[in-house]
Amino acid sequence: MATDRRQIEETAASELRQLGENLSAVANGALRTIESDTEASVARMRVMLLNAWLRPLVVGLSLFLAFSGGSWGLMRWLSASIQSEIETLAMLEVRIDQARETLVEIEDTTWGVTLREIDGERFLVLPDGALEDPPWTVGGRPALKLSSE
């Protein structure tokens, strides 16, 4: 009986080892199948993410950079143009001031005498009070008619 029991135990142990090896082989096969399916699924997800996110992101970023670059260039051109106009305006204001100063000098040196042409006739307009009984007046000031020759 002891021999039968030992033989049964050895047979049971052998069968359990063989069953364990078979179960390990089945489990390893299932694990490899799961791993390969997971790798394929991850590869498909990468492709999907590439198509769904990366390409639109690159296109959007490219458009953003193009618009930003164009806007920056336009702003630079506009600011340079405005700056040029400001400088021109300042130069013209200086010239106007100089012309006004020249006009004041001319009026001072001519004692207010001016030349006017009205309807093709030329007049020398004198300062107020220059003539007691002027033959002509222009703008309320005494005037002398010049010959048209």
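Colleague: What makes Leu 74, Met 75, Trp 77, Leu 78, Ile 82 and Ile 86 a nonpolar surface patch?

Modeller: This is a predicted model, and in it these six side chains make a patch of about 620 Å². Patch members need over 30% relative accessible area, and nonpolar side chains are joined within 5 Å. Take Trp 77, which has 56% relative accessibility.

Colleague: What makes Glu 9 and Arg 5 a salt bridge?

Modeller: The cut-off is 4 Å from a side-chain nitrogen of Lys or Arg to a carboxyl oxygen of Asp or Glu. Here the N to O distance is 3.6 Å. That is within 4 Å, so the pair counts. Both residues lie in helix H1, 4 residues apart, about one turn of the helix.

Colleague: Why is Arg 5 called exposed, and why is Glu 9 called partly exposed?

Modeller: Arg 5 has 54% relative accessible area, over the 50% limit, so it is exposed. Glu 9 has 46%, which falls between 20% and 50%, so Glu 9 is partly exposed.

Colleague: How many salt bridges does the rule give?

Modeller: The count comes to 2. One of them joins the side chains of Lys 145 and Glu 121, at 3.0 Å, N to O. This pair links distant parts of the chain: Lys 145 in strand E4 and Glu 121 in strand E2, 24 residues apart. Lys 145 is partly exposed at 37%, and Glu 121 is partly exposed at 35%.

Colleague: How do you know that E2 and E4 pair?

Modeller: Pairing takes at least two bridges. Strand E2 (residues 121-125) and strand E4 (residues 141-145) have 3, so they pair, and they run antiparallel. Within E4, Lys 145 is the bridge partner of Phe 123.

Colleague: Which strand forms a hairpin with E4?

Modeller: Strand E3 does, with 2 residues between the two strands. E3 (residues 136-138) and E4 pair in the antiparallel sense over 3 bridges. Trp 136 stands opposite Ala 143 in E4. In the turn, Gly 139 has a positive phi of about 65 degrees.

Colleague: What makes Phe 123 and Trp 136 an edge-to-face pair?

Modeller: The structure holds 1 aromatic pair. The ring centres of Phe 123 and Trp 136 are 6.3 Å apart, within the 6.5 Å limit, and the planes are at 65 degrees, over 60, so the pair is edge-to-face. Phe 123 lies in strand E2 and Trp 136 in strand E3, so the pair ties together parts that are 13 residues apart in sequence.

Colleague: Is Phe 123 buried or exposed?

Modeller: Buried: its relative accessibility is 6%, under the 20% limit. Trp 136 has 39%, so it counts as partly exposed.

Key
Residues numbered from 1 in each chain as written. Predicted model: local features only at pLDDT ≥ 70, side-chain atom pairs only at ≥ 80, totals over all residues. Heavy atoms only, no water. Patch = residues over 30% accessible without salt bridge, like charges linked within 9 Å, V, L, I, M, F, W, Y side chains within 5 Å. Areas by Shrake-Rupley, 256 points an atom, 1.4 Å probe, with all protein chains shown as cover. Buried < 20%, exposed > 50% of the residue type's maximum accessible area, 1.4 Å probe, protein only. Phe/Tyr/Trp six-rings, centres within 6.5 Å; stacked < 30°, edge-to-face > 60°.
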